[in-house]
Amino acid sequence: YEWLETNKMYKVAILLSTFNGERFIKDQLISLRNQKKVKIKIFIIDDGSTDNTLKILKNFNFPKKIFKTKNFLNPVKNFLYLIDKVPRNFDFYCFADQDDVWLPNKLFYSISQIKKYKADVCGCRTFYTDKNLNQTGKSILFKKKPSLENSLVQSITGGNTQLWSKKFNNILKKIKIKNPASHDWYVYQIAVLLDFKFLYIKKPLVYYRQHGNNVVGSNVGFLN
């Protein structure tokens, strides 16, 4: 990691949308808190949970801000709301889902790759797991180079893997598209449309739990 500033602790804003996530959310929170060599703050919007999700969030010890629910009943709108509300004073920004588990070097490795390749946005592959985090495979290895043409027909990285710079975040804040198909595809399309460098990391850095209630699943197969 010689291209990183040796003593800098990068500040990362994690944007987390939750809804009735009590079953798995503590595992995710622990994995966020265990991120190495970064300073994080988690910005959370809950979509009107009726279980113990908010109680778990409030009782968990880490720097956080919980926004009052807007009852969007739509994770994409929740993430767009967080982009709009999260302060501009972080080095990097990223999405998080409530039921994943991140490898401890997920953020630091992503930052190191962005710095190494002078990129603005990145995303990576994931390990697919069952509900008990037993690995069942890896996400698709996309081989086409990130481009505007490619972005029109497919999203190559899940939002749960994406990370972007302060410079790109300032652009996202200015764009007011109300109903994109998905927040991760939206980030990819905006990046390549405006000539920001989008880096596709082939190394999986997230355990992507498949449990039957995912808003978006593994995205495998011709129809997907």
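Buried means under 20% relative accessible area, exposed means over 50%, and partly exposed lies in between. Arg 209, with a relative accessible area of 2%, is therefore buried. The model is predicted. Its salt bridges number 3, and the points below take each pair in turn.

**Asp 27 and Arg 209**
- A salt bridge joins the side chains of Asp 27 and Arg 209, with an N to O distance of 3.2 Å.
- Asp 27 belongs to helix H1 (residues 25-33) and Arg 209 to strand S11 (residues 206-209), so the bridge ties together parts that are 182 residues apart in sequence.
- Arg 209 is buried at 2%, whereas Asp 27 is partly exposed, with 37% relative accessibility.

**Asp 84 and Lys 176**
- Asp 84 and Lys 176 form a salt bridge through their side chains, at 2.9 Å from N to O.
- Asp 84 is in helix H3, while Lys 176 is in the loop between helix H6 (166-174) and helix H7 (183-193), so this pair ties together parts 92 residues apart in sequence.
- Lys 176 is exposed, with a relative accessible area of 58%, and Asp 84 is partly exposed at 34% relative accessibility.

**Asp 91 and Lys 8**
- In the salt bridge between Asp 91 and Lys 8, the closest N and O atoms are 3.5 Å apart.
- This pair links distant parts of the chain, 83 residues apart: Asp 91 sits in the loop between helix H3 (75-85) and strand S4 (92-96), and Lys 8 in the segment before strand S1 (10-18).
- Asp 91 counts as buried because its relative accessibility is 18%, and Lys 8 counts as partly exposed at 34%.

Methods. Residues are numbered from 1 along each chain as its sequence is written. This is a predicted model: local features need pLDDT of at least 70, side-chain atom pairs count only at pLDDT 80 or more; totals for chains, interfaces and linings use all residues. Side-chain values use heavy atoms; hydrogens and water are left out. A salt bridge is a side-chain nitrogen of Lys or Arg within 4 Å of a carboxyl oxygen of Asp or Glu. Helices (H or I, at least four residues) and strands (E, at least two) are DSSP runs, numbered from the N terminus. Buried means under 20% relative accessible area, exposed over 50%, partly exposed in between (1.4 Å probe, protein chains only).
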